[in-house]
Amino acid sequence: MANHLDDHTVELGAAMDYPEHTSTYALFVNLTKWGAIVCIALMAAMAFGFFTSAGVISASILFLGILALAFFLL
C-alpha cells in the first residue's frame, strides 16, 4: 500500500536569484525597445528612399538621423 504520511520533505527547488532576474528582464526590455526603434527607422528610411527621388545615401542619412534622435530622446 502507498505511504500517505505527510512529512513535508519535498524539495522546492533552488533559491531564486532576484538580481539576475531583474537584470535579465531589463536587458529584454531594452533589446525589445531598440529592436522596434530600428525596425521603424528602417521602414521609414526605405519608404523615403524608394518612394522619393532622394536615393540611397539620403535614406541612409535619414536612418542614422532617426536612430540618433531616438538615442538622445530616450
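A crossing of two helices is left-handed if the near helix is turned anticlockwise from the far one by less than a right angle, and right-handed if clockwise. Keep that in mind for the second stop.

This is a predicted model, where local features need pLDDT of at least 70, side-chain atom pairs count only at pLDDT 80 or more, and totals for chains, interfaces and linings use all residues. Residues are numbered from 1 along each chain as its sequence is written, and side-chain values use heavy atoms, without hydrogens and water.

**Whole chain.** Show the cartoon. You will find two helices and zero strands. Helices (H or I, at least four residues) and strands (E, at least two) are DSSP runs, numbered from the N terminus.

**Helix pair.** Select residues 18–51 for helix 1, then residues 56–73 for helix 2. Their axes, lines fitted to C-alpha atoms over the stretch in contact, come within 8 Å and cross at roughly 150°. Helix 1 is therefore roughly antiparallel to helix 2 (an angle over 145 degrees, on a scale from 0 to 180 degrees between N-to-C directions). The crossing is right-handed.

**Ser-60.** Now select Ser-60 in helix 2. Ser-60 and Met-46 are 14 residues apart in sequence and 8.6 Å apart in space, C-alpha to C-alpha.

**Phe-51.** Finish in helix 1 with Phe-51. Phe-51 has 72% relative accessibility, so Phe-51 counts as exposed.

Definitions and conventions:
Buried means under 20% relative accessible area, exposed over 50%, partly exposed in between (1.4 Å probe, protein chains only). Angles under 35 degrees count as roughly parallel, over 145 as roughly antiparallel, 65 to 115 as roughly perpendicular and the rest as oblique.
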